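Hi,

Here is the structure I promised to pass on. Please open it first, then read my notes below.

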Amino acid sequence: SPRTAPAACRISAARSSLAWQFAAGATGVQGVVLSAHAAEPLRHADVRVEPGAYHASTDSAGRFQLSLPRGAFLVRIRALGYAEAQDSLALPGLDG
């Protein structure tokens, strides 16, 4: 399936120290959650996408993958010891 170039999104909320990198495609999103200060992968981070009940936990390398329909979403990322981070995401679908 067609994929856009990977994007880096540094979450800039004052209390947050999370960052995430992602590649959005026609059928979902995959990415990695990192410590913004040390750029180290965060395992067991909670990735939730709204609206809907989409949820994933990161693996030992900080990676996650979610299948999503096309549309606009809010991504919320939580990890123990870090403030919640959030960002918007738009998936165009197969027809662009």
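**Asp46 and its partners**

The side chains of Asp46 and Arg48 are joined by a polar contact of 2.9 Å. A polar contact is a pair of N or O atoms within 3.5 Å; within protein, one must be able to donate a hydrogen and the other to accept it, and residues adjacent in sequence count only if both atoms are side-chain atoms. Before going on, note that this is a predicted model: local features need pLDDT of at least 70, side-chain atom pairs count only at pLDDT 80 or more, and totals for chains, interfaces and linings use all residues. Residues are numbered from 1 along each chain as its sequence is written, and side-chain values use heavy atoms, with hydrogens and water left out.

Asp46 sits in strand 4. Strands (E, at least two residues) and helices (H or I, at least four) are DSSP runs, numbered from the N terminus. Is Asp46 buried or exposed? Asp46 is buried, at a relative accessible area of 16%. Buried means under 20% relative accessible area, exposed means over 50%, and partly exposed is in between (1.4 Å probe, protein chains only).

Leaving out residues up to four places away in sequence, Asp46 touches His55, Ala56, Arg76, Ile77 and Arg78. Touching, or contact, means heavy atoms within 4.5 Å.

**Salt bridges**

Side chains of opposite charge can pair when their charged atoms come close. A salt bridge is a side-chain nitrogen of Lys or Arg within 4 Å of a carboxyl oxygen of Asp or Glu. How many salt bridges does this rule give? The count is 5.

- Arg48 and Asp46 form one of them, at 2.9 Å from N to O. Arg48 is partly exposed, at 38%.
- Arg76 and Glu84 form another, also with 2.9 Å from N to O. Arg76 is partly exposed at 24% relative accessibility.
- Glu84 and Arg78 are bridged at 2.5 Å, N to O. Arg78 is partly exposed, with a relative accessible area of 45%.

Shared partners link Glu50, Arg76, Arg78 and Glu84 into one network of salt bridges.

**The nonpolar core**

A nonpolar core is a set of buried Ala, Val, Leu, Ile, Met, Phe, Trp, Tyr and Cys residues joined through side-chain atoms within 4.5 Å. The largest one here has 17 residues. Which members touch the most others? They are Val33 and Leu68. Strands 3 (28-35), 4 (46-50), 6 (63-67), 7 (71-78) and 8 (85-91) each give two or more residues to this core. Strand 7 provides the largest share, 3 residues.

**The aromatic pair**

There is 1 aromatic pair. Rings of Phe, Tyr and Trp (its six-membered ring) pair if their centres lie within 6.5 Å; planes under 30 degrees apart count as stacked, over 60 as edge-to-face and the rest as tilted. The ring centres of Tyr54 and Phe73 are 6.2 Å apart and the planes meet at 85°, so this pair is edge-to-face. Tyr54 is in strand 5 (residues 54-57) and Phe73 in strand 7, 19 residues apart. Phe73 is buried, at 8%, while Tyr54 is partly exposed, at 27%.

Pro41 lies in the loop between strand 3 and strand 4. Pro41 is partly exposed at 44% relative accessibility. Beyond its neighbours within four places in sequence, Pro41 is in contact with Val33, Leu34, Ala61 and Gly62.

Best wishes
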